Amino acid sequence: MLVLERVHTHYGAVEALQGVSIEVRKGEIVTLIGANGAGKTTLLMTICGSPQASSGRVIFEGEDITHLPTHEIMRRGLAVSPEGRRIFPELTVTENLQMGAFYASRREIEEGLEHVFTLFPRLRERSSQRGGTMSGGEQQMLAIGRSLMSRPRLLLLDEPTLGLAPMIISQIFDIIRTIREEGVTVFLVEQNAHQALQIADRGYVLENGRMVLSDTGPNLLANDGVRRAYLGA
Amino acid sequence: MADFLPQFTQQLINGLSLGAIYALIAIGYTMVYGIIGMINFAHGEIYMIGAYVSLVTLTALGAQSGVPLPIVLGAALLVSVVVTAGYGFAVERFAYRPLRGGPRLVPLISAIGMSILLQNYVALGQGARDVSVPQLIAGGIDIQMGEGYSVVLPYSRLAIICVTVVLMVALTLFIQYSRMGRACRACAQDMGMSNLLGIDTNRVISFTFMLGAILAAVGGMLIGLSVGRLSPFIGFIAGLKAFTAAVLGGIGSIPGAMLGGIVLGLAETFAAGYMPSQYKDVVAFSLLVLVLLFWPTGLLGKSRLEKV
C-alpha cells in the first residue's frame, strides 16, 4: 500500500533520513520506533511531502507521490495526526472535524461526524467547545478523529500518546485497534515502544536517520537489542 | 449651545461614514495579516483602483442617458468588484507568493514597490490630477432641529453606512458558517496543518486577497460618489488610516477592524469639527499610540498564547 524506496530527506545541509526503505501492506498496523531525533517524524512528514524527499521514491497505492504537493498527497486516501496534535485552537470541536473533510459533501460530513462521535463519545459531549481549551487526551482524540473524517485508507499517527496519562494511553491504543478493524491501515510512529510493538503486526527501528532493524512486532519485543535500547529491560 | 445638536448629528454621520470606509479597507489588512502575517501595503492602492474602475464604468454607462440609476450603480459596483478582485489576486500571485518563505522584510518591500507601481500606473492611464465623479446620489434628508437650525444627512453618506453594515453582517456570517470561511480561520491558526488536511492553502490565501479587494472596491466606489472627486493618490493616506484602524482594533481580528475603523473615523471627524481641522490626523494617530500603550494588542486583539 505504501512503499518508501531509499528515501533521503534533508533539512538544509542536515541529512535527516539517509536512504530509508519501508513497506506498509494493506490492513496492517506498522510501527516505527526510535529515539528522539532519530528521524521518525521526518519520515512521516516526508510521506506527506512536507518536506519532500531529496532522493528516493514514495509510492502510495502504486502511484509515485514523491514530488506531489502536500495538499494533493493528502487527498489521495491518506491522513495524518501529526506531532503535537495541531488542533485548530480557536475552532470548535465540530469545526475542527469538519476541516478534516474539507472536500466531502454535506452528507459525508454528517456521516463522518457520527462515526467519530461514536468512536470518541467524549468529543460529542464537547462538540461546541473550542479545541484549544481541551485536555491533552481530548485534543489527541480530536486529532485522530479529524484525520478519520476524510475516510482515509492509510492513517499516519505521530506519537499519539505523548504526554498522556496511562489510562488515556491504553484508550488510544484500543482506538487504534478499532480503526484497523474498520479496515484502515495504520502507520504508527511511537516512542512508547512497548505498547506500540504489542499492537503492531510489524515494526521498524530507526537510528540516526537509518533503518537498523525490521521484524514482526512480537519478534522485536523479544529482540535483545530492542529491549535494551527502547524497552528499558 | 443651540447649535450643538445639529452640529453633533452632522459630525456623527460624517464620522460614521468615514469610519465605515476605513473599516471596509481595514478588513483587507487584517485578514491578510491574519493568514500570512504580512502587511499588504499595496492595499490602499487596491481601494483607489476600485474607485477608479467604478468611475470609468459610470462614465461609460452615463454616456447613454436614460438608463435607470439603480442599474447604473449596480453595474458599476459589479464591474468594480470583479476587476478589483482580479487586481487583489494578481498582486498576491505575482508580487508576494514568489517571495513567501523568505525573510519577512522582503514581501514588505515588494508591497511598497507594488503600491508605487499601482499609483503611477493609474496616474499614467487616468491622469495624475483630480477627476470629478458624477454626483449620482444627490440630495439628502433635511432634518429641522428647531430655532431655525437644520441638518442635511446626504443620501450618499447614508448609503455608505447602510452598505457597510450589510457587508459586515454578511462577512461575519460567511466567516463563521461557510466552508471557505472556516478554511480562512483554520489557515490563520495553522497553515501547515490545513495543508496536511488536503487544503490548497494557496487558494485560501488568494481568496483572502480577493475578499479584501472586494470590500475595498466597494469602499472606493462609495467614497467617490460621496466626495465627488478622485486622484490616483487617495489610496496612500486612506490605506495608512485603514491600517491604523486595523492595528487599533487588533490586527488579525475582523470585528477589531470594524470597530477600529469606526472609532478612528469618529475621532477624526469630531477632532476636525471641534478643533482646527489640521489636527485630525494628529488626533487619529495619537489615538493609535494611546490605545497601543494601554492595550498593546489593540481593542479586540488577542495576545497569542504559545502553547509549548
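Trainee: What share of the 308 residues of chain B counts as buried?

Mentor: In this predicted model, 47% of the 308 residues of chain B count as buried.

Trainee: Why is P296(B) called exposed?

Mentor: P296(B) has a relative accessible area of 64%. The cut-off for exposed is over 50%. Therefore P296(B) is exposed.

Trainee: Where does P296(B) lie in chain B?

Mentor: P296(B) is in the segment after α11, the helix of residues 280–294. Take V263(B) as a reference point: P296(B) and V263(B) are 33 residues apart in sequence. Their C-alpha atoms are 17 Å apart in space.

Trainee: How do you know that the radius of gyration of chain B agrees with a compact globule?

Mentor: A compact globule with 308 residues would have a radius of gyration near 19 Å. Chain B has 20 Å, so the two agree. The C-alpha atoms of chain B fill a box of roughly 65 × 50 × 35 Å along the principal axes.

Trainee: Which secondary structure elements make up chain B?

Mentor: Chain B has 11 helices and 4 strands. Among its contacts between residues at least 6 apart in sequence, 76% join residues at least 24 apart.

Trainee: What about the surface and charges of chain B?

Mentor: Its accessible surface is about 14,200 Å², with 69% belonging to carbon and sulfur atoms. Chain B carries 16 positive and 11 negative charges, and their mean positions are 13 Å apart.

Trainee: Now chain A. How many helices and strands does chain A have?

Mentor: Chain A has 10 helices and 10 strands.

Trainee: What makes chain A as compact as a globular protein of its length?

Mentor: The globule rule gives 17 Å for 233 residues. The radius of gyration of chain A is 17 Å, so chain A is as compact as a globular protein of that length. Of its 233 residues, 53% count as buried.

Trainee: Why do β9(A) and β10(A) count as paired strands?

Mentor: Pairing needs at least two bridges. Strand β9(A), residues 202–207, and strand β10(A), residues 210–216, have 6 bridges, so they pair, in the antiparallel sense. One of the bridges links E207(A) to R210(A).

Trainee: What lies between β9(A) and β10(A) in the hairpin?

Mentor: There are 2 residues between the strands. In the turn, N208(A) has a positive phi of about 45 degrees.

Trainee: How far apart are the centres of the positive and negative side chains of chain A?

Mentor: The centres lie 1 Å apart, for 24 positive and 27 negative side chains.

Terms used. Residues numbered from 1 in each chain as written. Chains lettered and ligands numbered in written order. Predicted model: local features only at pLDDT ≥ 70, side-chain atom pairs only at ≥ 80, totals over all residues. Heavy atoms only, no water. Rg over C-alpha atoms; globule rule 2.2 N^0.38 Å. Buried < 20%, exposed > 50% of the residue type's maximum accessible area, 1.4 Å probe, protein only. Lys, Arg positive; Asp, Glu negative; His and termini not counted. Charge placed at Lys NZ, Arg CZ, Asp CG, Glu CD. Contact = heavy atoms within 4.5 Å. Areas by Shrake-Rupley, 256 points an atom, 1.4 Å probe, with all protein chains shown as cover.
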